[in-house]
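Please look through the model below with these notes beside it. They are numbered so that each point can be checked in turn.

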Amino acid sequence: MNRPILTTKLYIPFARSKVVLRQRLIDRINEGLDRRKLTLISASAGFGKTTLASEWAASCDRPVAWLSLDEGDNEAASFLAHFIAALKTIANEVGDDAVRILDSQQSTSVEAIFTSLLNDISALPCKLALVLDDYHTINAKGINDGLIFLVEHLPPHMHVVIATREDPQLPLSRLRARGLLTELRAADLRFSVGQAAEFFSGVMGLKLSADDIAALESRTEGWIAGLQLAALSLQRHENIPAFLREFAGDNRYIVDYLVEEVLRRQPEPIRNFLLQTSILDRLCGPLCDAVTGQENGSVRLEALEKGNFFVVPLDDKRHWYRYHHLFAQVLYAHVQADQPDRLADLHRRASVWYEQQGSSAQAIHHALAAKAFARAADLIELAWPSLRRNNQGRAALGWLRTLPDELVRCRPVLSVAYAWASMASGQFAAVEARLRDAERLLETQPKNAEMVVVDQEEYRYLPSTIAGYRAAYSQVLGDTPAAIRYARQVLDLVPEGDHLRRGAASALLGLAAWTDGSLETAHRLFSDGMAGVLLAGNIADAVGGTVALADIRISQGRLLQAMRTCERGIQLAADHGKHLFQGTAAIYAIMSELCCERNELQAAMRHLQRSKELSERAGRPKAGYRWHVAMARLTEANGDPEGALAYLEEAERLYASDFFPNVRPVAAMKTRAWIAQGKLENALDWAREQGLSVEDEPSYLREFEQLTLARVLLAKYRREGSERMIVEAAGLLERLLKAAEEGERLGSTVEILILQAIVRFAPDRDIAAALSPLERALELAGTEGFVRLFVDEGPAMASLLEAASKQGIAPHDVQRLLTALGSCETNRATAIINAALSEPLSQREHEVLRLFRTELSGPDIARELHVSLNTLRTHTKHIFGKLEVNNRRAAVRRAEELGLF
């Protein structure tokens, strides 16, 4: 794995030799291992959650993986990397695909990694468990949502234990109701009087009377940390009755009192060591020495551990430790109150040590904590290339926002890094100002004495970097002239041999031309750009660029070339052995739409299935925007406009604007689905909301919407019989046709001609007037394989095609379309069957279902279909869910009732 792994987070805390064994609680966990998915150990700080989990893990009869979480794991990449590494400590064969996804630097989601991991875990022959300790430090919604997915899809032989100070945002009520949850709360974790007695005598070596123990247990309410602090104080307290009289109050005040007692009674060297090292999340001897300026850090840590002094070992070699979190918080509060002037120096020393170890993130963290902003700025600037490569924009932005503004503004490289981090995080407000700051500094150098540069290599390329970012930013904002201007600046600034920068600039010029509707120019420029990117060895971007090239060809109506473009993109990925799942998933979705237009619906479904598989492996387990659009198109072709609309609703939710022009807005697609369902009021509302008018000038970017408006007018005419609607639609289509022909947009031209035929036929069924544009549409469409564009018009198109057939117009194409129109009735019947299901069966699920009627076993069916047994189990689970059954025989009976065979 390319990402750094902190191995100390993966060690199960070492079981102490002297400990109060919680066998009753361990038995509670063990009872739920096979019957339940999750054990939740939830209580406030100091209740022994980690100790209990580590004791259970040490005695468990199955392998246990461990992951100690902290605030840094709210970054999805860090969380996922450590999660995979934890599993690999007990099953090294788990997570190889997940690692490749993370290392590919493509956008990933926690849910997708979990999907891949669950598939691997399901194939393991052994039982296993995973402990997530300190889960309360995680507040990232994406990670929490991913954990919900993990828990809900756990295979039977895996169990998860979560130790946390607060309940996670999981569906606990549902898990509890289904008997899938074991819960251990504060009431379960509290020490009883007997356990408190065992703790004081056996662990801490104190001889207390039964009454004294009962008093302490009562006043701490069995709170283990409170008892431990009391014991440490009692070890040096001669007057026990007096101590017990003073020992009162709620937990917060008890902590303050006891820590003060403990700290005040420690020798000065130990007290100073505790306070000075309280700034550290993790402790090791050399780091403690660097912070304290002494040379006995390792000895001190070992002594503290042996003395039960709230020190937790993090590895089995006693190298790394941490303080009990609550104890560390109180220690740090004492430093802030008593020695605030020392904090900055302590953090600065820690920053220097981490920098020397190559841990830039920790070095930056401590520099910022020390308010050593100039040092932090230096470190961030040097780390920028690595942050950029690893897509850590959000982390960089958090650090940069902590720096004083005047410090950033005098550093051109840092200002550009700030602009990049803002764009990478989708927060565009600061981009312009930061780029302008960098440009101002470049204009005044070398006279500008205030300018600070640390990374000379990045500074040397700054003019072209700024121009490239401005081009990209302008494209996002829709400022095409500016995008063109800045992209050309990049070409002027970088040499011919710089394939990556020149390729990116050419691609941006292609996108700008696409936005303007100059499609052939767009294809040429973008293709040249991708060739440069490919020469630079950036295969992922070259494969991803296939999507734009195919989209441009589709906009031109060149469906055959679009399909060949998709095939080349997939072959490119295969030739280089790259796991470019995200890019190829989008390509397969486009191929599905192309097959659907040719009415090759089974092929379209196969491409969509492949797209979804790759999307899951790329980090999008619910598939992406393009997949849902293609699925809507296929569902509509199968005669289910309601189902198509549901997919479009999800596509609209998933859509995020990017560098590509949005020439087919989902809202317009939804409007066409409403028209198919007879929901004219919804369609009219859409037209009003968009401010569309038949008087508008044709525009490439709004062409799809304007064609949709023509369909709305036609639908309104059919309902109301208003001649004005037909006249307005005809006038709009005439202007759109002229623009489409001038722009050489074959697909748009064919659709407009089809609509013209329908509009001319609608008022008085004038066959002669309608056949003129229809004949031309047939002539243009025949070579590219357009089918659904015709047959989706339904009965009116059937009448026109029959008339064309009688007159001998394009006989081969007309017969092909009439055959396709006939198949629509069969598709509608299938849609009625699917409507009885909670979700339609996929093509592969139909194949599995048919084999359920045979005598073949599960492994035999898997071999027959050339899939893994695990994949077959997934299909089977989906079939049972959709048919609402729980076994194979019941699935066959239900399918027979619905006529699915």
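1. Strand 1 and strand 5 run parallel and are joined by four bridges. T39 has T182 as its bridge partner in strand 5. Two strands count as paired if DSSP finds at least two bridges between them. Helices (H or I, at least four residues) and strands (E, at least two) are DSSP runs, numbered from the N terminus.

2. A word on the source: this is a predicted model, in which local features need pLDDT of at least 70, side-chain atom pairs count only at pLDDT 80 or more, and totals for chains, interfaces and linings use all residues. Residues are numbered from 1 along each chain as its sequence is written, and side-chain values use heavy atoms, with hydrogens and water left out.

3. Strand 1 (residues 38-42) also pairs with strand 4 (residues 158-164), in the parallel sense, over five bridges. Here L38 has V160 as its bridge partner in strand 4. The whole sheet is open, with five strands in the order 2-3-4-1-5 and parallel pairing. Strand 2 (64-68) and strand 5 (181-184) are its edge strands, and each pairs on one side only. From one strand to the next, the twist averages 15°.

4. Helix 1 (residues 23-31) packs on this sheet and touches strand 1 and strand 5. The direction of helix 1 makes about 165° with that of strand 5. Axes are lines fitted to C-alpha atoms, for helices over the stretch in contact, and angles run from 0 to 180 degrees between N-to-C directions. Contact means heavy atoms within 4.5 Å.

5. Is strand 5 covered on both faces or open on one? Both faces are covered: L181 and E183 are buried on one side, T182 and L184 on the other. Buried means under 20% relative accessible area, exposed over 50%, and partly exposed in between (1.4 Å probe, protein chains only). In a regular strand the side chains alternate between the two faces of the sheet.

6. A second open sheet has three strands in the order 6-8-7, with antiparallel pairing. Strand 6 (283-284) and strand 7 (311-313) are at the edges with a single partner strand each, so one side of each has no neighbour in the sheet. Strand 7 and strand 8 (residues 320-323) run antiparallel and are joined by three bridges. P313 has Y321 as its bridge partner in strand 8.

7. On the overall picture, the protein chain has 48 helices and eight strands. Of its 901 residues, 54% are buried. The C-alpha atoms fill a box of roughly 115 × 80 × 50 Å along the principal axes. Among contacts between residues at least 6 apart in sequence, 68% join residues at least 24 apart.

8. Helix 14 (residues 268-277) is largely enclosed by the rest of the structure, because seven of its 10 residues are buried. The buried residues are R271, N272, F273, L274, L275, Q276 and T277.

9. The second largest pocket has a volume of about 270 Å³. It has 13 lining residues, and M530, A542, T546, L549 and R568 are the closest to its centre. Helix 29 (519-535), helix 30 (539-556) and helix 31 (559-575) each give two or more residues to the lining. Helix 29 gives the largest share, five residues. On a 1 Å grid over the protein atoms alone, a pocket is an open set of points where a 1.4 Å probe fits, with protein on both sides within 12 Å along at least five of seven lines; lining residues have an atom within 4 Å of a point. Grid points are joined across faces, edges and corners, and the volume is the space filled by probe spheres set on them.

10. G222 is in the loop between helix 10 (210-220) and helix 11 (224-234). G222 is buried, at 0% relative accessible area. Its contacts, leaving aside neighbours within four places in sequence, are R190, F191, E217 and L227. The C-alpha atoms of G222 and S192 are separated by 6.3 Å, though the two are 30 residues apart along the chain.

11. Please check two loop residues. K371, between helix 19 (360-369) and helix 20 (373-389), has phi near 60°, a positive value in a residue other than glycine. K371 is exposed, at 61% relative accessibility. N599 is not a glycine either, and has a positive phi of about 70°.
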